[in-house]
Amino acid sequence: MKLYEYYRKTGFNPSGFSLKTPGEFQTHFAKRSNLLVNKLKLPHMLWRGSRVFEAGPGSGENALVLASLGARLTVVEPLAASLAGLKELFARWKLRSSIEKA
């Protein structure tokens with residue numbers, strides 16, 4: 001069985017985690033900001049108005065950070081359960097309009 005088939009059959013999202021509270025989001029945002037700004041040298045202002053394509057975003061926790069910085073997203077997620085989680089996450093944080101295509 002291929003890994004994708006296993007994930008689809010079991011509904012398992014290998015990269016999902018909770019971002020239900022402002023504190024959880026702030027912690028995740030700080031970690032991703034450290035990666036983007038300090039490690040990759042990609043400043044926050046770079047994302048404002050940018051168009052980002054992400055293949056396999058899972059339930060969207062990392063894509064949410066880019067959306068919160070002003071990016072417009074096109075996402076391709078083959079697992080229906082993960083895509084549903086992504087849309088729910090973006091709606092919860094009032095960033096659903098940041099997704100141009102899913």
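Trainee: Which residues of α3 are buried?

Mentor: Helices (H or I, at least four residues) and strands (E, at least two) are DSSP runs, numbered from the N terminus. Buried means under 20% relative accessible area, exposed over 50%, and partly exposed in between, with a 1.4 Å probe and protein chains only. In α3 the buried residues are Glu 61, Ala 63, Leu 64, Val 65, Leu 66 and Ala 67. That is 6 of its 8 residues, and α3 is mostly covered. This is a predicted model, in which local features need pLDDT of at least 70 and side-chain atom pairs count only at pLDDT 80 or more, while totals for chains, interfaces and linings use all residues. Residues are numbered from 1 along each chain as its sequence is written, and side-chain values use heavy atoms, with hydrogens and water left out.

Trainee: What do the buried residues of α3 pack against?

Mentor: Contact means heavy atoms within 4.5 Å. The buried residues of α3 pack against α2, β1 (51-55), β2 and α4. After α3 comes Gly 70, with a positive phi near 105 degrees.

Trainee: Which members of the largest nonpolar core touch the most other members?

Mentor: A nonpolar core is a set of buried Ala, Val, Leu, Ile, Met, Phe, Trp, Tyr and Cys residues joined through side-chain atoms within 4.5 Å. The largest one here has 20 residues, and Trp 47, Leu 64, Leu 66, Leu 73 and Phe 90 touch the most other members. At least two residues each come from α2 (22-39), α3 (61-68), β2 (72-76) and α4 (80-92). The largest share, 5 residues, is from α3. Leaving aside residues up to four places away in sequence, Trp 47 touches Leu 36, Leu 42, Val 52, Leu 66, Leu 69, Gly 70 and Ala 71.

Trainee: What is the strand order in the open sheet?

Mentor: Strands of a sheet pair through backbone hydrogen bonds, either parallel or antiparallel. Two strands pair if DSSP finds at least two bridges between them. Here the order of the 3 strands is β1-β2-β3, with parallel pairing. The edge strands, β1 and β3 (99-101), each pair on one side only. β2 and β3 pair over 2 bridges, and Thr 74 stands opposite Lys 101 in β3.

Trainee: How many aromatic pairs does a search of the whole structure find?

Mentor: Rings of Phe, Tyr and Trp (its six-membered ring) pair if their centres lie within 6.5 Å; planes under 30 degrees apart count as stacked, over 60 as edge-to-face and the rest as tilted. The search finds 2 pairs. Phe 25 and Phe 29 form a tilted pair, 5.9 Å centre to centre with 45 degrees between the planes. They are separated by about one helical turn because they lie 4 residues apart in helix α2. Ring pairs link Phe 25, Phe 29 and Trp 93 into a cluster.
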